[in-house]
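Please read it with the sequence and the model in view.

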Amino acid sequence: MIRSALVIAAASVALSGCALLSSPDPVQLYRFGGASAFAGTGATSACPDVHVSMRRVDFPEAARGDRLLAVTGAEAAYIKGARWVSPAETLFEEALRNAFLDGGTCTVLSSGPLTRDGLLLSVDVRRFEADYAAPGAVPNASIVVLLRLVRPGDRSIVAEDRITVSESAGENRQSAIVAAFDRATAEASRQIVLWTDQQGFQATRN
């Protein structure tokens, strides 16, 4: 009787050990920001250069990092088995900087100290999420960004605005949701570049 109890106990320990050593659920890595905001047009104009320094892009705490945030009404969760290859805020900032290089007609992002007439751009992402109208519905990749252009010398606000972008995933599937984030990021970046160009150009004429 005692021997049987010991055998059962040993088997239980062995099984628990197997559970501890079992492989975790697989995680698929994704990235966004590959879509060109200007489809490679690289349009230019005769307007003078507007030197702008862009502050580090700010992200809401829930959307930071490598997890894909999904929201249904008042409920929020992270999409299981999916991760961004880098923090979302890093991928977004890289995509935006590339958009300025590809399509900025006046704006020159300054890597060093601002010139005397330079401007400071703040990009505050307030929403970056897969937005579901109902559980299991086809989500939208939703991005909301607050923009502010400031003269560093006297801290006066040149312009501020709000940009909202929403792209349907077309189906409730991980790869489709990621593709929607890619399109939404490209469109948001395009609007930010054009807005900065317009407001910065006007500021140089005042």
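A residue counts as buried when its relative accessible area is under 20%. In this predicted model, phenylalanine 92 has a relative accessible area of 0% and is therefore buried; phenylalanine 128, with a relative accessible area of 3%, is buried as well.

Phenylalanine 92 belongs to helix α2, whereas phenylalanine 128 lies in strand β6, so their pairing ties together parts that are 36 residues apart in sequence.

| Ring pair | Distance between centres | Angle between planes | Class |
|---|---|---|---|
| Phenylalanine 32 and phenylalanine 128 | 5.2 Å | 40° | tilted |
| Phenylalanine 92 and phenylalanine 128 | 6.2 Å | 85° | edge-to-face |

The structure holds 7 aromatic pairs, and one aromatic cluster is formed by Phe32, Phe59, Trp84, Phe92, Phe128 and Phe181.

Helix α2 (residues 88–103) packs against helix α3 (residues 174–205) at an angle of about 50°, their axes lying 9 Å apart, which makes α2 oblique to α3. The crossing of α2 and α3 is right-handed. On the α2 side the contact is made by Phe92, Ala95, Leu96, Ala99, Phe100 and Gly103, and on the α3 side by Thr185, Ser189, Ile192, Val193 and Thr196. The residues of this contact comprise 7 nonpolar and 4 polar ones, with no charged residue.

How values were computed: Residues numbered from 1 in each chain as written. Predicted model: local features only at pLDDT ≥ 70, side-chain atom pairs only at ≥ 80, totals over all residues. Heavy atoms only, no water. Axes fitted to C-alpha atoms, helices over the stretch in contact; angles between N-to-C directions. Helix = DSSP H or I, 4+ residues; strand = E, 2+ residues; numbered from the N terminus. Parallel < 35°, antiparallel > 145°, perpendicular 65-115°, else oblique. Left-handed = near helix turned anticlockwise from the far one by under 90°. Contact = heavy atoms within 4.5 Å. Nonpolar A, V, L, I, M, F, W, Y, C, P; charged D, E, K, R; others polar. Phe/Tyr/Trp six-rings, centres within 6.5 Å; stacked < 30°, edge-to-face > 60°. Buried < 20%, exposed > 50% of the residue type's maximum accessible area, 1.4 Å probe, protein only.
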